[in-house]
Amino acid sequence: MAISRAGFRSVSWAGQFLASSRASWRCAPCRTTTRPATTIRPRRFATAAADSTSKKPYYVTTPIFYVNAAPHVGHLYTMVLADVIKRWRTLIGDNDAQLLTGTDEHGMKIQQAALAAEMDTQAFCDQNYKTFEALANAANMDYNYFIRTTEPAHKEAVQYFWEMLSHRGYIYTAKHEGWYSVSDETFYPQTQVQKSLDPETGHTKMVSIETGKEVEWSSETNYHFRLSAFQERLLDLYKTGFITPSIYGTNVFNSVSEGLSDLSISRPTERLSWGIPVPGDNTQTVYVWLDALVNYLTKAGYPFAPGQGSSLGWPADVHVVGKDIVRFHSVYWPAFLMALDLPVPRNVLVHGHWTINREKMSKSTGNVVNPFFAINRFGVDSMRFFLIYQGALVGDADYDNAYIIRDYQKLLQKGLGNLAHRAIGCAKGNLRSYIENGTSGRLPAATLADEEYEAMLKEVPNKVAELMDNLNPRAALQEITSLVDQTNKYFHHAEPWKNPIDRQRSLYNVAESLRIASILLQPVMPTKANELLDMLQVDKTDPAKRKFAAARYGSDLDYGANAKKSVLFPPLIVES
Ligand code: MSP
């Protein structure tokens with residue numbers, strides 16, 4: 001896979017200046033301002049046409065993955081979701097769209113995992129990040145950059161970011177007491193922890209109510225960020241539909257309405273040494289989440305030279321995140337950025353979790369599916385299709401090989417593959433002449449069924465575009481699979497095999513449907529969709545023929561000559 005890194009470049013620190021204004025912040029009693037619960041309207045997104053005046057590259061990110069253990073199918077899902085959005089933007093003509101992925105390599109969790117593996121921590125990261133990079137490649141992600149938080153450029157970006165926060169008066173030292181979860185890398189207040197009996201040891205431990213992860217009491221002096229100063233601005237931000245789907249936005253809105261406490265953003269080095277030192281204070285290490293979130297800026301060229309942020313991609317258009325990390329991305333992250341008067345991301349797209357037997361797939365519990373095995377067994381495009389088709393943005397989705405086999409056989413093999421096979425076969429080498437007749441208005445008159453079918457087909461690309469603009473790849477894919485299903489029914493009723501010449505209108509319509517569906521399927525199944533376009537002899541030397549603008553009924557005058565059927569989705573070898 002060719003990986004272009006052209007869109008990102010690092011900017012030297014020269015020309016940077018310290019912002020002079022000391023931002024105002026609100027006193028502690030104001031933190032508890034409460035607001036009535038609000039329903040948040042989903043944000044509508046700019047269309048490609050509306051974007052064409054803007055120079056900023058469209059910028060999508062995945063979360064960066066902890067390297068403490070190997071990736072699983074949940075991580076693959078996040079990667080594919082972000083990749084589908086990036087590829088969609090390329091399809092509609094944003095040729096400089098950027099996708100960032102990478103690894104989160106600092107913090108207590110990694111420090112402890114390296115210790116347990118009896119490895120030097122850097123060597124441990126150097127070894128483990130490769131598996132995530134290999135997965136991004138195996139998943140056929142069209143990423144532009146793979147960031148590691150141990151890179152020198154990132155360390156510089158974080159330290160500069162810290163210095164700016166400090167300079168503007170948003171950082172202070174205070175004693176901090178609370179329950180820390182190494183697994184979640186976060187503090188929990190007393191109200192969010194409970195006792196839990198560990199069945200293995202019989203001992204009682206304290207755990208987070210939300211995640212069930214063990215917490216330990218910690219009392220230390222560290223640096224704090226004045227998060228409480230941002231409550232009002234954050235609430236205003238949520239009203240713009242910053243978080244998609246809106247249900248997550250409503251939850252965050254309600255939670256922030258109840259008040260915000262300031263945030264501990266460092267740990268004493270004696271407890272956490274594996275991280276970025278606080279500038280000017282080697283006794284403290286930067287909190288891993290502050291470090292990690294800045295990765296999105298690092299690769300957009302932060303620290304920005306004056307006026308340069310947007311030309312390099314910032315603000316991000318979409319941060320794709322799992323529902324367990326919404327708070328970090330929709331409360332802490334925009335507040336940090338607001339503190340520096342940096343533009344906030346345009347959207348946080350949240351997805352649900354993959355479960356096995358209804359339990360969250362998780363490295364720490366060990367109930368995980370190896371994504372490399374799944375890709376090897378079912379093929380990368382089939383896996384990408386399955387994850388997007390069944391993966392839930394709201395709610396969770398249960399993972400089972402039987403579901404993958406079911407969807408493959410029904411939707412890909414019998415649905416799309418068989419339709420292409422039958423339609424090309426039925427045209428008996430004359431597809432090109434039917435297409436010529438279709439594009440020059442020489443087809444037999446339309447029946448009522450033809451008219452209804454053609455009206456539906458003409459609408460599909462618009463619907464798919466609207467759903468993708470609203471960041472709902474799953475619904476967009478369902479629209480395409482529904483088109484394939486309706487086309488199979490239309491083909492069945494039209495019975496063109498009885499008289500292909502008289503019924504050539506239906507063969508033309510089915511060819512158009514296959515061509516349009518394949519163009520639209522490229523973000524989800526880049527290889528298979530292009531194989532189908534090749535099968536239909538859609539000119540591969542002219543990239544415009546496979547872009548979204550070509551997914552219009554009757555818009556390609558040239559395809560179909562020598563179209564030959566072949567097996568797109570071979571039978572799966574199903575293990576007993
Ligand atoms: N390192 C942080 C993210 C920092 S982003 C600035 C982190 N890493 S993680 O490796 O634990 O998780 C990475 C992503 O994988 C998260 O979005 C998380 O929600 C997602 N998933 C982890 N388990 C998952 C499932 N079982 N299902 C779907 N996604 C899952 O969090």
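In the predicted model, lysine 323 and aspartate 396 form a salt bridge in which the closest N and O atoms are 2.8 Å apart. The two residues belong to distant parts of the chain, 73 residues apart. Lysine 323 lies in the loop between E15 and helix H10 (326-339), and aspartate 396 in the loop between helix H12 (380-390) and strand E19 (397-398). Lysine 323 is partly exposed, with a relative accessible area of 31%, and aspartate 396 is likewise partly exposed, at 37%.

A search of the whole structure finds 28 salt bridges. One of them joins glutamate 151 to lysine 299, with 3.7 Å between the closest N and O atoms. Glutamate 151 is located in the loop between strand E4 (145-148) and helix H5 (152-167), and lysine 299 in the loop between H9 and E15, so this pair ties together parts that are 148 residues apart in sequence. Both glutamate 151 and lysine 299 are buried.

A further salt bridge, 3.3 Å from N to O, connects the side chains of arginine 432 and glutamate 436. These two residues are 4 residues apart in helix H14 (residues 431-439) and therefore separated by about one helical turn. Glutamate 436 is partly exposed, its relative accessible area being 35%.

The ligand is surrounded by 26 residues, of which Ile64, Asp104, Asp324, Trp354 and Met361 are the closest. By type, the shell divides into 12 nonpolar, 10 polar and 4 charged residues. At least two shell residues each are supplied by strand E2 (65-66), helix H2 (73-91), helix H8 (288-293), helix H9 (295-298) and strand E15 (318-322).

A backbone N or O atom of isoleucine 64 lies 2.8 Å from a nitrogen atom of the ligand, and a polar backbone atom of methionine 361 is 2.7 Å from a ligand nitrogen atom. For tyrosine 66, a polar backbone atom is 3.1 Å from an oxygen atom of the ligand. The ligand taken alone exposes 660 Å², and the protein buries 97% of that area.

An open sheet of 3 strands is arranged in the order E12-E14-E13, with antiparallel pairing. Its edge strands, E12 (266-268) and E13 (277-278), each pair on one side only. Strands E13 and E14 (residues 281-286) run antiparallel and are joined by 2 bridges. Valine 278 has aspartate 281 in E14 as its bridge partner.

Definitions and conventions
Residues are numbered from 1 along each chain as its sequence is written. This is a predicted model: local features need pLDDT of at least 70, side-chain atom pairs count only at pLDDT 80 or more; totals for chains, interfaces and linings use all residues. Side-chain values use heavy atoms; hydrogens and water are left out. Two strands pair if DSSP finds at least two bridges between them. A residue is near a molecule or strand if one of its heavy atoms lies within 4 Å of it. A polar contact is a pair of N or O atoms within 3.5 Å; within protein, one must be able to donate a hydrogen and the other to accept it, and residues adjacent in sequence count only if both atoms are side-chain atoms. Accessible areas come from the Shrake-Rupley method with a 1.4 Å probe; for residues, only the protein chains shown count as cover. Ala, Val, Leu, Ile, Met, Phe, Trp, Tyr, Cys and Pro count as nonpolar, Asp, Glu, Lys and Arg as charged, and the others, Gly among them, as polar. A salt bridge is a side-chain nitrogen of Lys or Arg within 4 Å of a carboxyl oxygen of Asp or Glu. Buried means under 20% relative accessible area, exposed over 50%, partly exposed in between (1.4 Å probe, protein chains only).
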